[in-house]
Structure formats: C-alpha cells, structure tokens
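Welcome, and please take a look at the model below.

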Amino acid sequence: MPPNFHQTFMSFLSEIKRRRTFGIISHPDAGKTTLTEKLLLYGGAIQEAGAVKNNKIKKGATSDFMEIERQRGISVATSVLAFIYKDKKINILDTPGHKDFAEDTFRTLTAVDSVIVVIDVAKGVEEQTEKLVEVCRMRNIPMIVFINKLDREGKDAFDLLDEVEQKLGLRVSPMSFPIGMGYDFKGIYNIWEKKLNLFSGENKQTVSEGIEFNDVNDPQLDTIVGEKAATVLREELELVYEVYPSFNSEEYLNGTLQPVFFGSALNNFGVQELLDCFIEIAPSPRPKEAEERTVDASEEKMTGFVFKIHANMDPKHRDRLAFVKIVSGMFKRNEPYLHVRQQKKLKFSSPNAFFAEKKEIVDVSYPGDIVGLHDTGNFKIGDTLTAGEVLNFRGIPSFSPEHFRYVNNADPLKSKQLYKGLDQLMDEGVAQLFTLEINGRKVIGTVGALQYEVIQYRLAHEYGAKCTYENLNVHKACWVEATDPKNSEFAEFKRVKQRFLARDKQNKLVFFADSAFTIQMTQSKYPSVKLHFTSEF
Ligand code: G4P
C-alpha cells in the first residue's frame, strides 16, 4: 500500500467520524425552529436569532399561494443546515412539522443518522411527535429527547418522563433534571456532566457558567439554590437513579435507550449542554441497507441515494435540485456515477454543498454529507447513485395517503403539459398518482388537503396547465400482495373488486378501501391476498 494512500484513507475515516447528520422532530410549536436557531448560533453559523424562523409554514397559509411559494424558496435554503462545532461537522436536515408535509419528513428520516425529539413541557407528547417517533423506532434510529419551555408552568418532570415512556414507547434515561419549573425554575442539574446550571438574574435571560457538582449532598447546594429546592432536588435525583437506567452508549445507538434533557430553547437554557452531549454520543454515518447488501460508510467507493427533490423556483428553468445523502466513499465533482435505475452514467459539474443558509459548489463530499445535484428530470425520490455497483438502497416507502381526488384536465389543449407537470410533481414527492384499472382515470392521493392547492397552483404557474378535482371516497390505499398469485382466490378478488383497483407509479397493484370495515372483510374473505398500508412490505 503506498504510504500516501494510507494517509488519505486515515483522513477519509476521520472525516466520517467527525460528521453528525440528524433531524429535529416535534409537534408544531414545541420549539423545533427555536432550538435549530440556537444550535446554529452556537456553531457561529448565524449571527442573530430569527434567521430560520421564516421557514415555517404559517398557520392559516392554506389559500395564500404567494406564501406557499415564499416558503418553498426559503425551504431550499434551510433543507440542510450545516455548521462546524468543536471540530464536528454537523448537518441538520429540515423536517417540516406541518402535518400536511409529514411524508416529506418521513422521507428525510431515511437520511438522518439520529434525531432530537422536542417536547413542550406543558403540552407533553402530542400527535405528530407520536407518529414521527414511531417511524424512528421502527428503524432503530438513535433518539435524544429535549423537553422544552421549562421557563413556563408545565407538567411534573416525572409525569412527563412517564408519558414519554408510555405514549412514545421509549426507555428514557434522564441526563439532566430541572430544579423547579415555570416561575420557580432555577436551573438544571446536569447528570451527564455532574454540573449545576443556574439562571442568573430576575428575567431568566442569563445563564451562569456550569458549576461542577459531583455530590449533590454537598451542603453548598443549599446555599446556592436554597434549602427547599436543594432538598427536593436531592430526593428527585435519588428517585431518578433508582427508577431509570443510567446512560449506556450501546443501547442509545441501537435505539433501545433514549437520553432526556430539560431546558428552554428560547432562553438558551440547556441547549449547549444538549449540543455538547450530542456531539459526544450521537453516531457518525451509520451503515445502510441496500436490497443487495449492507453498505458501510468507510467503503472506498461512493454510494448515495436521493431523499428529496426540490423544483427550481424560476419557472423558466425547469431544472430541479436532487438532495443526495452520501452513504459511503467520497463524492467528487465531475466524476461519472451510475444512476442505477436508469442504468446510465452521469457526471455532475456543479454539486452543491450546504452551509448555514447558503449553498456552494464543492469538489468533494463525505459520507453523512448531503449534496444538491442539478437535475433535468433524471431523478426520483429513492434513486441510488454508485461508483458502478448495482445497488438499491431500501427504506423510502410510500405510505397510504389520507385524501383522494380524481384529477381532471381543465384545458384540453394543454393535456401534454398537465401530464408532464403531474409526473414531475409526483417525482418530487408532492403527492401520489394512481391510475384506476377499470377506466384509466387518474387519482391524486395526498397526506394533507393543502397539497391539492399547491399542485393546482404549480401546474398553472410552472407548466401552464389547468386541472380540477372531484372527490373520491377512499379511506385507505392498500398495496396488494398476492401470496399465491396463481390461485383462484386472487383472480376472484380482482374480479369482484375491479372498480376499486388501481396502479401506483411503480405499477404496483393498489386496492382503494372505502372503510376500515371493508379492509377487515376483504382480508377475511381473501386470506391469501395481503393488504399493506405502505408500498414496501
Ligand atoms: P416549532 O418550530 O416547533 O413549530 O416551534 P417554534 O420554535 O416556532 O416555537 C413555537 C413558539 O414557542 C414560539 O412562539 C417560540 O418563541 C416559543 N418557544 C420556543 N421555545 C420556547 C421556550 O423555551 N420557552 C418559551 N416560553 N417559549 C418558547 P410564538 O409566539 O409562536 O412565535 P414568536 O412570535 O415568538 O416567533
């Protein structure tokens, strides 16, 4: 082995080891945006708060199309927020909290190596958090929980930990514990670093330096926080040590133990402790399963996959930005890579890397990084790129949409534009398109009603096409698996249910069930025909 090869390989490994690629998930309003901003401030990536804030889809923005467009523009910039903190390269992948964009978030979760879950101390575990955590749990993604807004009156810390365990199915290990709450909130005891972090000043805007405190029985504690608070803290910590497992890196990394922090993102309290612990314990890029084999980040040859596609904001330029997560090897500018689905080699002369709020053309990216590739329609979400090997990364399934509508062409002279537009919007993952078996009519399925307006608006503005919708009563789209395709039961199922059968974009057979009862009845009548709620089973 030539000596400089060894050196290059060692520096490649250290680049991988210093990367932390993660997402922050929460129910809207729990404080994801505020926390993201505070993390960026610590990384020196932004100079003032408020920079990321505008990315949020505002409540009631449903019919304000300019607002949607504006958000779309900003969300390109904040799709990946990267910064360096204590020599670690941190990539935060944006996960929209708005439930109409939940599918976007599910897909982004295929590209993260860990997540931070933000919970509002007063509201506790909310619906959207439950759904997103379930996806992370199914994939054994390491999770850290941050309980936010401790400056407000909220639920009792133990009740909250119970709720997190029960509703989210997690096994928690408190890494810090609050001293008081709301009006009486004095600070936190950092179990991880054995330090006391206290608010100073009346307004709870300033935080004192952490005070080393190896033993909470030290009478000094009474002097610092007051006798009453010290006694309560001692009792509570005793209970914490007794009831909850202590932190174990292996269990955290395999998704069976979740460390919990308390703090207040708005007041910058507990955020640095979270970040300092995060860079220590959170995983660098993890191995990823492909249909053919598992790929390790340290492999020399480049592999990666597309998890997000963003249309260009300028309608005159039809190109799009495909976001690729690098799984292994180095991604190099102008190097030919195999687009596995299309079986063709592509070169990229201007791959973008993301920094705080801007993107820049880069020559080399490492595993864990996200590169943005200009695309004229080659990519779909889920596509794999490699240095030549035929590999297909798994784990970007379609979920059953919640809403279904027929789509009609409202301008017969523009049908080509309509179908092209629909095709490209579906590749971007805005919604799912189904074709009914019986008459070829097109049905659009979405997670939220907002998408129908986005589609109509974008078809008109970017493709010059017009569409109208018609309601369709579907409860769930079920992907059909015939366990024995040759038996007469499957033929009978197809004959009886022909009016409710459709094909998705991959030409997979889908059954439109009008109620949960229908699904149950169909399953018991045709036991060899399995119905699935996601396209990957
Ligand atoms: P999201 O991205 O999860 O939807 O939440 P976001 O950070 O936007 O926070 C939602 C609201 O909660 C914001 O208030 C924000 O200022 C507030 N918030 C976040 N962290 C804390 C905290 O630690 N303590 C307190 N008391 N509030 C917090 P808003 O009034 O909706 O927005 P804004 O007008 O302040 O921007």
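How much space lies in the second largest pocket? About 830 Å³, a volume being the space filled by probe spheres set on grid points joined across faces, edges and corners. A pocket here is an open set of points on a 1 Å grid over the protein atoms alone, where a 1.4 Å probe fits, with protein on both sides within 12 Å along at least five of seven lines; lining residues have an atom within 4 Å of a point. Of its 36 lining residues, I381, G382, I396, S398 and Q506 are the closest to the centre.

This is a predicted model, in which local features need pLDDT of at least 70 and side-chain atom pairs pLDDT 80 or more, while totals for linings use all residues. Residues are numbered from 1 along each chain, and side-chain values use heavy atoms, without hydrogens and water.

| Class in the lining | Residues |
|---|---|
| Nonpolar | 13 residues |
| Polar | 11 residues |

Among the elements, β26 supplies the largest share, 3 residues.

Now to S176, which sits in strand β7 (residues 176-179). S176 is buried (under 20% relative accessible area), at 1%. A polar atom of the S176 side chain lies 3.0 Å from the backbone nitrogen of F262. Leaving aside residues up to four places away in sequence, S176 touches (heavy atoms within 4.5 Å) I188, Y189, N190, I191, V260, F261 and F262.

Definitions and conventions. Helices (H or I, at least four residues) and strands (E, at least two) are DSSP runs, numbered from the N terminus. Ala, Val, Leu, Ile, Met, Phe, Trp, Tyr, Cys and Pro count as nonpolar, Asp, Glu, Lys and Arg as charged, and the others, Gly among them, as polar. Buried means under 20% relative accessible area, exposed over 50%, partly exposed in between (1.4 Å probe, protein chains only). A polar contact is a pair of N or O atoms within 3.5 Å; within protein, one must be able to donate a hydrogen and the other to accept it, and residues adjacent in sequence count only if both atoms are side-chain atoms.
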